[in-house]
Amino acid sequence: MTKIKDLPRVDRAREIKKQCAVCGNDILIKVFPNGKYTGGNYFGVTEKTESYRETSETMDLGDGLKAHIAEPIGKITKSEYWECSKCYNEAYKEAKQKGEIKY
Ligand SMILES: [Zn+2]
């Protein structure tokens, strides 16, 4: 029987535990040495701040509407955004029904 340690490096996956940003369930991600992964859907890094402060700057929203631009105050924390397959598939189905996704 082949043991895991005898497999070539490229076949070995590292397991990391993440949390789904939508439902909060734990997701077990398998990351392979070539950078590919299975078990979840990664959307990149998001930034969260403690609070926002309104500035005097405005932006044009069209139709004569303007909105004040806010700037982050306090500590900014970065985190990875992951979704489990169930939440990802539900959102995909919903977007497809609304016609937001054409394929
Ligand atoms: Zn989820």
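**Close-up views of the predicted model**

**View 1. A bridge pair between two strands.** In this predicted model, Glu-15 has Lys-30 of strand S2 as its bridge partner. Strand S2 covers residues 26-31 and pairs with S1 in the antiparallel sense. Six bridges make up this pairing of S1 and S2. Strands of a sheet are joined through backbone hydrogen bonds, in either a parallel or an antiparallel arrangement.

View 2. Three strands form an open sheet in the order S1-S2-S3, and their pairing is antiparallel. Strand S1 (14-19) and strand S3 (37-38) are the edge strands, each of which pairs on one side only.

**View 3. The order of elements along the chain.** The chain contains five strands and one helix. Read from the N terminus, the elements follow the pattern β-β-β-β-β-α. The radius of gyration of the chain is 21 Å, whereas the globule rule gives 13 Å for 103 residues; the chain is therefore more spread out than a compact globule.

**View 4. The extent of the C-alpha trace.** The C-alpha trace of the chain spans about 70 × 40 × 25 Å along its principal axes.

**View 5. Burial and contacts in the chain.** Of the 103 residues in the chain, 5% are buried; a buried residue has 20 or more other C-beta atoms within 10 Å of its own. Among contacts between residues at least 6 apart in sequence, 43% link residues that are at least 24 apart.

Key
Residues are numbered from 1 along each chain as its sequence is written. This is a predicted model: local features need pLDDT of at least 70, side-chain atom pairs count only at pLDDT 80 or more; totals for chains, interfaces and linings use all residues. Helices (H or I, at least four residues) and strands (E, at least two) are DSSP runs, numbered from the N terminus. The radius of gyration is taken over C-alpha atoms; the globule rule is 2.2 Å times the number of residues to the power 0.38. A residue is buried if 20 or more other C-beta atoms lie within 10 Å of its own, exposed if 12 or fewer, and partly exposed in between; C-beta atoms are placed from the backbone. Two residues are in contact if their C-beta atoms, placed from the backbone, lie within 7 Å. Two strands pair if DSSP finds at least two bridges between them.
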